[in-house]
Amino acid sequence: MKIGVFVCHCGSNIEATVDTAEVARIALTYPDVAHAEDSMYTCSEPGQDNIVNAIKKYGLDGVVVASCSPRMHEQTFRRTVERAGLNRYMFEMANIREHVSWIGKDREANTNKAAELVRLAVEKLRRDAPLHSKQFDVTKRVLVIGGGVAGIQAALDCADGGIEVVMVERESTIGGKMAKLDKTFPTVDCSSCVLSPKMVDVAQHPKIKLYAYSEVESISGFVGNFTVTIRKKTAYVDWDKCTGCGTCTEKCPARHSPDPFNECVGETTAINIPFPQAIPKKAVIDARYCRKLTTGKCGVCARVCPTGAINYEMKDEIVTEQVGAVVAATGYDLMDWTIMGEYGGGRFPDVITSLQYERMLSANGPTAGHIKRPSDGREPGVVAFIQCVGSRDRSIDRPYCSGFCCMYTAKQAILTRDHMPESRSFVFYMDIRAPGKMYDEFTRRAVEEYGVQYVRGRVSAIQPIRRADGSLGYILRAADTLLGEPVEVEADMVVLAVGIEGAHGAGELAEKLRISYDKYGFFMERHVKLAPVETNTAGVYLAGVCQGAKDIPASVAQGSAAAAKVLSLFSRDKLENDPQIAQVDIKRCVGCGKCVDVCPYGAIKKIDFRGQPKAEVVETVCQGCGVCNATCPQGAIQVSHFTDNQILAEVNALCQF
Amino acid sequence: MKLAYYPGCSGHGTSKEYESSTRAVCRALGLEFAEIEDWSCCGSTPAHAMDTVLSGALAARNFKQIALTGAEGVVTPCPSCLANLKLARHRMQDAAFKARVDALLDSPTVENAEALPETYSVLQIILEQIGPEAIRARVTRPLEGVKIATYYGCLMSRPADVMQFDDPENPTAMDKIMEALGAEVVDFPLKTECCGAAMGVARQDVTGSLSGRILATARSFGADAVVTACPLCHMNLDLRQGQAERQMRLKFRLPVFYYTQLMGLAFGLPDETLKLDKLAVDPAPFLQLVARRRKARIDAAAEAARAAMEKAESEEGAAS
Amino acid sequence: MASIRLDQVRDAGFLHEVEEESGQNISTCYQCGNCTAGCPGAGFYDRQVSQIMRAVQLGLKDEALRNRSLWLCLSCSTCTARCPNNIDVARVMETLRHMARREGLVQDRPIESFWKSFLDTVKLTGRSFEIGVMADYMMRTGRGWGNMDMAPAALLKGKLPFLPSCIRGRDEVARIFKRYAETKKEGQQ
């Protein structure tokens, strides 16, 4: 066997602390190494051409590149050796950047370590065999989880591209957080006027199948062939019959049910349609508050329903769908700000969240667009906005910026002035983050044209006072850090710009999708810069705030990006599997079935082989994780390209002394 | 766990009534503590304002005295002593700091810093070992129909990681006790706002304005009285109430009790243990208010019973 | 007044010293002003807590130490409780106070005098004793008459005993102060 070794400088990234020429010189002493050299940028076009030429010139059978992480360029170099006529698996990479040059300063020690890592790669390559992918069919349907604006965009773009879409939405209507907003920045145009047509498009698109009031129960399979089970939660209303006429909601006597769509500002009926533009516009009974379901006595809705859609006996239903790709667009929730005792921890009635305030501003909200204090229903004269509540606060483990609060706070302050020209608004901020198009101009408008008083300082505490007329006031104890003095504001109402976190249940969904997520419930992208839409699981893509804080335009852009990823995946009729998968040595296998039990992908099945039980790997399902390999008591399952022999050879290469 | 009792210096001077009522209430609730022989001052604010090691050593001498009683922990009614003793133990977990403290003492404290006695407030022990239900059961003369503002001051639950008791922003320990006594607790927003602490001697303008704000707010929320668990807070709110009134150009006339005095009242403990006569702001109007409300309730109950009897009689008459 | 030349910071090691002695990471302070906002003494300060924190960050030793605020601090720890960056601000203030004493930069003698009077009484008797502290304080400063308005009430109610309750171990307590004074003298040499 003839092996070529190429040691990369990576500019000065590696060369600064590793003597690459020396590594190449040492590599020539390793068994089977026929050629070794160092090169400035191995991944560049001349760098790759150099490898191709060397393969031809020296008749190489395999190549080792010592450079960066294989996550960066393994695919690049596999294609390079393929160009020169070698099998793409006759290639190994030694990571001498992340594992050597970036973490140590001692040039001599680094050079030694780099040479040893190259030795390791050479020993593995000597035992490599050519591998060939299998082809399999693709189910050209996509599952979109979450019907907020990001999911809607992804679904419409996929459907317009001719792909069948299955959309699953947890609530009884799509629209997500954007449907709750009154206006959007920086244009102050009506949120539902922009969103509603898109929601209608989803409902009417022949390629989109919408499961509202449903949740993903489980997902199995792999890119191109996922099987999804969906739980259709019981609405106690037969949606095929329900026309959304609203008669039931008018007559329902349980009028004190919490109203989640309105962020619990005001109350609603136990049977309910969240808002007039809901898609689908169907009624749902909240079983916790329905008199019929809690006490057995009532049944008013069933009596008044003109289509006989009410069914108190209804149960959850499980349906199964086959898809080839998944877009997760599950959005966010506000963090639980009530842990902040200094702001009253939820005990002060007129201290509300910005999302609650948004519902008050909205004409279809619980106050019909009038700003009213929850404590006494009066219009507030002074409204104070506090930013960064539960953001940039490591004392409660929320170190990150929630991204869009600066902008919506400016918008809400402007709208407050529009609604109540005599009112005064104060915004307590730490920094204004307005880097988008026309964003900074917008926050300046709030100050310059609307007279909103911006005060740079965090509010230490909100302290209620009882006024002479018996009404409540709220003293905000703050500092104007620009003035360098403590300041106070007596407000009638306080709006908290509460920080965000991944939507509740995001972690469980991530486990089902086998994607990574952080401790705040945000899903991890495959690469923070170069693969912000992909995940570590092939065929699963991200859109919107589920990946990290972003505003509406950015969420829409990512929704389209995810759709582009799906369309590009589905542009091929067949996909190729990764041949680095498990293989059963049928002679050694005793058919104990332990591998079947541990396989996380359901890729191993028990078969009957001439009257003997044996294990068999389903090649297109196996992901090559190696759990079966480690479990098999007989050593009968090996993972191609990572056999026990190869790994032991690597260990031996390292333990020479 | 056997606990020792550390009264603190003010118990012998300005807060005699706190000391006396605390002992009486504990006795009534069956709480017994070992007396510490020859305890000395914990150093209070002045010591740690000057030097943390000196402050630690003044506290640590007491740790040795506590060890002599055979107790594993110590309770004190005074939040300032509580904070000093707790903080000293907390800082002495660092070996270097402990060595510097030990060097100031005649003989070093126990080698294992974890064996140093932990300090608790009497309030915490009453709440956690007795609890509101048992307190309610002990009440013979409920504080009915009166509104109380509970004032905790800044030291009871701060810093939270050292004090390990109650909510640092909205403490409720005394609220629960006052409710158990039958009083109504107002939602007082300045529970943990500082009263001016030891600044009163050198800067009465500071204590006057800070205490004045607390008293004015308590009044605006309709409180008939304020309760506190701290001798220094009590001095600023009660003994210095006149100064606060002059500073704020307002009249408060708001009685300020130690919570143990109100517990004693509701338990019907003898006057000489509660020492209400030591209070600077006259508590008599408050006590009369409780008495009037009690009488009104009893009168109403009697009236209702009489009416019910008459109704029953007349119905009986109609039936026969 | 001339501008402060930040490139010629007077004491570059000052920030490090404060961090070391207080055990706090002051670089995490992003100047939100929450400490100033919640400080009950802020209305009386000549330099706000957040400004003092900023002076420390910039290594401006004189600005950080030469102010009355350090002496007016009530040690209530509200700043610490609400700091979004987990800085024990009260501890930093306390550290600066100790440093100011060592550097002879005490800006409020009466408050320092009260503390000294208090500790002198403890040194003498083993416990604090109100009339003793007040008498000592008034002799030191010639001030304190403002407290006399409440003395009659307190005396009348038997709250101010004339005689201290000396403890048996008072010599032991006095030796704590003596050794403390010695360690300080050694430290200065």
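Analyst: Start with the contact between chain B and chain A, where contact means heavy atoms within 4.5 Å. It takes 9 residues from chain B and 11 residues from chain A. The model is predicted, so to speak of local features pLDDT must be at least 70, side-chain atom pairs count only at pLDDT 80 or more, and totals for chains, interfaces and linings use all residues. Residues are numbered from 1 along each chain as its sequence is written, chains are lettered from A in the order in which they are written, and side-chain values use heavy atoms, with hydrogens and water left out.The area buried between chain B and chain A is about 920 Å². Buried area is the accessible area (1.4 Å probe) that two parts lose on being put together, summed over both. Carbon and sulfur atoms give 45% of it. On the chain B side, Glu169(B), Arg213(B) and Phe221(B) lose the most area to chain A. Together they make up 44% of what that side buries.

A salt bridge is a side-chain nitrogen of Lys or Arg within 4 Å of a carboxyl oxygen of Asp or Glu. Asp187(B) forms one with Arg347(A), and their closest N and O atoms are 2.9 Å apart. The side of chain B that touches chain A has 3 nonpolar, 2 polar and 4 charged residues. In these classes, Ala, Val, Leu, Ile, Met, Phe, Trp, Tyr, Cys and Pro are nonpolar, Asp, Glu, Lys and Arg are charged, and the others, Gly among them, are polar.

Next, chain C. Here 61 residues of chain B are in contact with 58 residues of chain C. The two chains bury about 5,200 Å² between them, with 59% of it on carbon and sulfur atoms. The salt bridges between chain C and chain B number 6. Glu169(B) meets Arg82(C) in a salt bridge, at 2.7 Å from N to O. Glu169(B) is also among the residues that lose the most area to chain A.

What does chain C bring to this contact? Helices α5 (69-72), α6 (78-82), α7 (89-102), α8 (109-125), α9 (130-141), α10 (151-156) and α11 (170-188) of chain C each supply at least two residues. Helices are DSSP runs (H or I, at least four residues), numbered from the N terminus. The largest share, 9 residues, comes from α8(C). By class, the chain C side has 27 nonpolar, 12 polar and 19 charged residues.

Now look inside chain B.

Domain 1 and domain 2 of chain B bury about 2,100 Å² between them, and 77% of it is on carbon and sulfur atoms. In domain 1, Glu17(B), Tyr18(B) and Pro79(B) lose the most area to domain 2, together 29% of what that side buries. The count of salt bridges between these domains is 0.
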